[in-house]
Structure formats: C-alpha cells, structure tokens
Amino acid sequence: MKPIVTAAEMRAAEAAVIGGGTSVETLMERAGEAIAEAAWRYAGTAPALILCGPGNNGGDGYVAGRLLRERGVPVRIAASAEPRTDAARAARVAWDGPVEPLADARPAPLLIDALFGTGLTRPLDPSLGDALDRLAGAARYRIAVDLPSGVGTDDGILLGPVPRFDLTIALGALKPAHRLQPSAALCGRVAVADIGVPVTARLGEVARPRLPPPGPADNKYSRGMVAVIGGEMPGAAILAATAAQRAGAGYVALFGGGPGAPAALVRKDIGDQAALSDPRLCAIVIGPGLGRTEEARAALDRALGTGKPLLLDADALSLLAGRPLPRFVAPTLMTPHEGEFLRLFGRIEGSKVERARLAAARAGAVVLLKGADSVIAAPDGRAAIAPPAPSWLASAGTGDVLAGIAGAMLARGLDAFDAGCAALWLHGRAAEMAGPALIADDLAQHLAPALAACG
Ligand SMILES: NC(=O)C1=CN([C@@H]2O[C@H](COP(=O)(O)OP(=O)(O)OC[C@H]3O[C@@H](n4cnc5c(N)ncnc54)[C@H](OP(=O)(O)O)[C@@H]3O)[C@@H](O)[C@H]2O)[C@H](O)CC1
Ligand SMILES: [K+]
C-alpha cells in the first residue's frame with residue numbers, strides 16, 4: 001500500500017531525517033527539483049508565475065523558480081508575504097530575480113501554487129484567495145506544490161474557494177487531501193515526489209491485491225462458497241450474486257430472489273436454514289435488495305446466527321440501525337454509504353478516515369464507507385482509501401456489485417479488511433474497463449480481466 005500521511009506524520013518523518021543529518025535546505029532543494037522537473041515536462045518553456053507563501057511551501061517555490069530559470073524558462077515570482085523560516089529565506093535569497101506583490105501579479109501560462117502546504121492552519125484571506133483564483137483562472141497549466149492552497153491536509157475539506165489544478169506534486173508521500181473529497185477532485189493528476197523522507201503511516205492507498213488463480217488441488221468449494229440472501233428487490237441480489245461468481249467464488253447460492261440469473265447460480269429457498277448452515281459455506285452476503293420487512297429481519301437474524309463471515313450492505317445495515325449492534329463472532333464487513341453510515345453510527349466528527357475508524361472500533365467489524373472517496377477501516381486501526389475510481393460508478397446497483405465481490409473475497413479466506421480492499425480495487429478496475437455511462441450489470445463482465453491482473 002502506498003502510505004498516506006497526515007501533516008503531523010509528515011513533519012515527524014521530516015524531523016527524523018533532519019535529526020539524521022540531512023538539512024531542511026537539502027530537502028527543500030529536492031522538493032524544488034521535483035517541482036521544476038515536473039513543470040518542465042508538463043509545460044516546457046512556457047512562461048511561469050510562481051506564487052510563494054511565507055513557509056517552506058513557499059521556499060519550495062523559490063527553489064523551483066531558480067531551477068526553472070536555469071533551464072531557460074521565463075519565470076516570475078509573486079509572494080503573499082516575506083519568508084518566515086530560515087530555509088525559505090535562504091531559498092528566497094538564492095532566487096536572484098525580483099519578487100512581485102501577489103495582489104498586483106499578472107498571469108502567466110504556467111501557474112505554480114507554492115502558497116501553503118501542510119502548514120495551512122486557517123482559511124486564506126479573501127484577497128489572497130481572489131488573487132489565486134484570478135491567476136489560476138488565467139493560466140493554461142496549473143501545478144500545486146504539495147497541496148492546492150486552501151485544502152485541509154488531513155481531511156480534504158476546502159477552507160475556502162480553491163481553484164482546480166492540473167497536477168499536484170505530493171512531496172514525500174500522499175496526504176489524505178490527495179484522496180479525500182472534495183479536495184481530491186481539485187488536485188488533478190497527483191505525482192508523489194521522492195525527497196528522501198521515509199514515512200510510516202497508519203493509512204494507505206488500496207493497492208492491487210494478490211489473488212492467485214485456483215491451483216490443481218482446488219475445487220468449487222475450496223475456491224469459496226458464497227450465499228447471497230435475496231429479498232424484495234431480486235435484481236440487486238442477482239447483481240451481487242453474479243459479481244461474486246465473476247470475482248472467482250467457486251459456488252454461489254442465491255437464497256430467494258426472482259428469475260433471471262446465470263444458470264450456474266444455485267437457487268435456494270430463502271428460509272433454507274440447513275443450506276445456510278452448510279459447513280462448506282464460507283461467507284454470506286446480505287442486504288442488496290433485502291427489503292425491510294419482517295421476513296427480511298428474520299433472514300438477517302438467521303444469517304447473523306450462523307457465525308459465518310458476513311458482508312452486510314444496504315437494507316441489512318438499515319435493519320441493524322437503531323438497535324445495539326450484535327457481537328460479530330466471524331469476520332464481518334459492513335459497506336454503508338453515507339446515509340446508511342449516519343443511520344447506523346449517528347453523527348461522528350472528524351475526517352472520513354477518522355469516522356470510519358471510530359465506527360469500525362465501535363462495531364467490532366470492518367467498515368467500508370462508500371463514496372467517490374471510499375474509505376475502509378478495521379477495528380484494529382488499519383485503514384485505507386480507495387484509489388480514484390471512475391465517477392461513472394455513481395449509478396444504481398454498483399454497490400450491490402461491490403458487495404458481491406467482497407463476499408467472494410471473504411469466501412476465499414481473506415480477512416474482512418483485505419477482502420474489502422480487494423473488492424474496492426477490483427470494482428474500480430472493472431469500472432475503468434467498462435468505461436463511460438456504465439451500468440452496474442456491465443461490471444461483472446469486466447471482473448475477469450481485473451482479476452487476471454491480480455494473479
Ligand atoms: N515534508 C517535507 O519533508 C518537506 C516539506 N517541505 C514543504 O514544506 C511545506 C510545509 O511547510 P510549513 O512551513 O510547515 O508550512 P506552509 O508553507 O504550508 O505554511 C506555513 C506558514 O503559513 C502561515 N499560514 C498558515 N495558514 C495561513 C493562512 N491561511 N493565511 C496566511 N498565512 C498562513 C503560517 O503562519 P501561522 O500564522 O499559522 O504560524 C506559516 O508561516 C510542505 O507542504 C512542503 O511544501 C519542505 O520543502 C521540506 C521537506
Ligand atoms: K501549495
């Protein structure tokens with residue numbers, strides 16, 4: 001997993017490297033080199049305007065300006081304030097060109113925003129925000145140094161209006177704001193620059209899972225047997241069941257549900273308790289299309305009573321809301337969207353990562369909080385953010401597909417956190433391959449190549 005670090009973790013990592021004998025100036029030089037290189041590749045000799053703030057983010061900007069000028073790029077620098085750190089002052093001195101006041105700066109085709117990075121503590125003054133907006137709006141290419149100025153590093157919130165960038169150079173490591181909305185959508189492409197600061201993180205980006213294909217000793221049961229419990233809206237359960245099949249489960253049984261499904265899907269009566277207690281059954285998916293009737297509640301209680309690994313989604317989560325959560329005895333993965341999350345856990349303060357972590361600890365289950373920036377957290381504190389996925393996934397039924405994939409991952413023996421991560425990755429990759437205007441039904445057919453990439 002690519003590490004994702006908070007501002008405090010980044011500062012600690014930086015301090016450790018400095019403690020080991022590397023100067024801030026050296027780190028800043030490396031940061032400036034990475035920015036200059038990226039700007040050069042991106043915009044060539046297009047005239048650049050670099051906006052520098054008072055901290056080390058601004059210092060990175062002065063270094064980049066000097067290095068771009070050495071490459072023959074016409075560079076102007078505008079500052080919002082005098083540098084306030086020794087390293088930024090040194091970088092300012094080494095830049096031997098003029099520094100314009102930001103308020104009067106004229107635009108350039110390439111805008112590099114080095115106003116604020118991880119040290120932003122409050123909203124930008126309106127005059128500063130307006131200048132950034134005006135200059136970004138008039139530029140052809142926009143590059144943010146470390147972070148777009150105006151976003152909360154750790155939670156991705158916007159402290160005011162923030163322009164949209166084409167490229168963000170994440171210095172040393174990804175920060176939550178590069179992946180959490182709404183800020184992630186403003187970063188453009190995010191490139192991580194290695195500046196020689198090793199980081200340790202409690203949070204990562206969901207990575208491609210390793211899912212070896214079945215071996216000669218495998219059979220349909222050893223590959224994972226999944227039960228999908230249907231209900232009022234059979235289409236959703238069929239989507240989940242088909243996705244579980246296509247995600248590599250060896251045997252998928254649909255309990256209840258209407259007509260129309262692959263012939264390879266085994267059909268069971270919704271109340272078939274014996275089949276649900278089959279010792280070969282490895283995981284139960286319940287929620288998609290379940291409904292909230294008494295029958296649905298009974299089906300949920302039966303599923304909970306089996307003590308088998310569970311994927312709880314949609315109506316199963318709504319049925320659990322408003323009563324004390326059961327004690328889960330087997331790996332359990334909950335996949336709420338924001339509405340279901342609120343119903344289940346109430347209002348929790350903090351970033352999406354903090355909220356998911358707290359909910360997971362409270363539930364004693366892995367919580368995968370869905371959205372354009374899906375976050376997964378385990379009760380033991382492990383957490384990850386999904387890589388950016390196509391916005392076309394925002395359509396009916398895609399959550400049911402995710403539930404089915406996750407069911408297959410649980411059934412093949414992954415723990416609930418790894419199962420959720422693998423499902424997120426496969427789901428996103430299948431969506432990329434399905435392309436624009438996808439419908440949930442399309443995803444299943446793209447799971448085969450997505451899975452093949454994990455072998
Ligand atoms: N990670 C690394 O190893 C390296 C990162 N580098 C770069 O350094 C920045 C972080 O630098 P830092 O100096 O800590 O912070 P900033 O440059 O983001 O800004 C801090 C200064 O800005 C003032 N501030 C904060 N918010 C505002 C605001 N809304 N309006 C005006 N001024 C603001 C703050 O002042 P305070 O009053 O809050 O004290 C600071 O003066 C990181 O992002 C990287 O770009 C280094 O290059 C080295 C390696
Ligand atoms: K910035």
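Modeller: A polar contact is a pair of N or O atoms within 3.5 Å (within protein, one must be able to donate a hydrogen and the other to accept it, and residues adjacent in sequence count only if both atoms are side-chain atoms). This is a predicted model, in which local features need pLDDT of at least 70 and side-chain atom pairs count only at pLDDT 80 or more, whereas totals for chains, interfaces and linings use all residues. Residues are numbered from 1 along each chain as its sequence is written, chains are lettered from A and ligands numbered from 1 in the order in which they are written, and side-chain values use heavy atoms, with hydrogens and water left out.

Biologist: What is the mean pLDDT of the protein chain?

Modeller: The mean pLDDT, the predictor's confidence in each residue on a scale from 0 to 100, is 96 for the protein chain, and 100% of its residues reach 70 or more. For the complex, the predictor gives an ipTM of 0.98 and a pTM of 0.96.

Biologist: Which side chain has an N or O atom 2.6 Å from an oxygen atom of ligand 1?

Modeller: That side chain belongs to Asp146, while the side chain of Asn57 places an N or O atom 2.8 Å from an oxygen atom of ligand 1. Thr118 contributes through its backbone, where an N or O atom lies 3.0 Å from a ligand 1 oxygen.

Biologist: Which element gives the largest share of the shell around ligand 1?

Modeller: Helix H3 does, with three residues, where helices (H or I, at least four residues) and strands (E, at least two) are DSSP runs numbered from the N terminus.

Biologist: What are the protein donors of the potassium ion, ligand 2?

Modeller: Donors are N, O and S atoms within 2.8 Å of a metal (3.2 Å for Na, K and Ca), and water is not among the atoms, so sites may look incomplete. Here the protein donors are Asn57 (OD1), Asp113 (O), Phe116 (O), Val145 (O) and Leu147 (O), which lie 2.5 to 3.1 Å from the potassium ion.

Biologist: Is Asp146 buried or exposed?

Modeller: Asp146 counts as buried, at 7% relative accessibility; buried means under 20% relative accessible area, exposed over 50%, and partly exposed in between (1.4 Å probe, protein chains only). Asp146 lies in the loop between strand S6 (141-145) and S7, and has a positive phi of about 70° although it is not a glycine.
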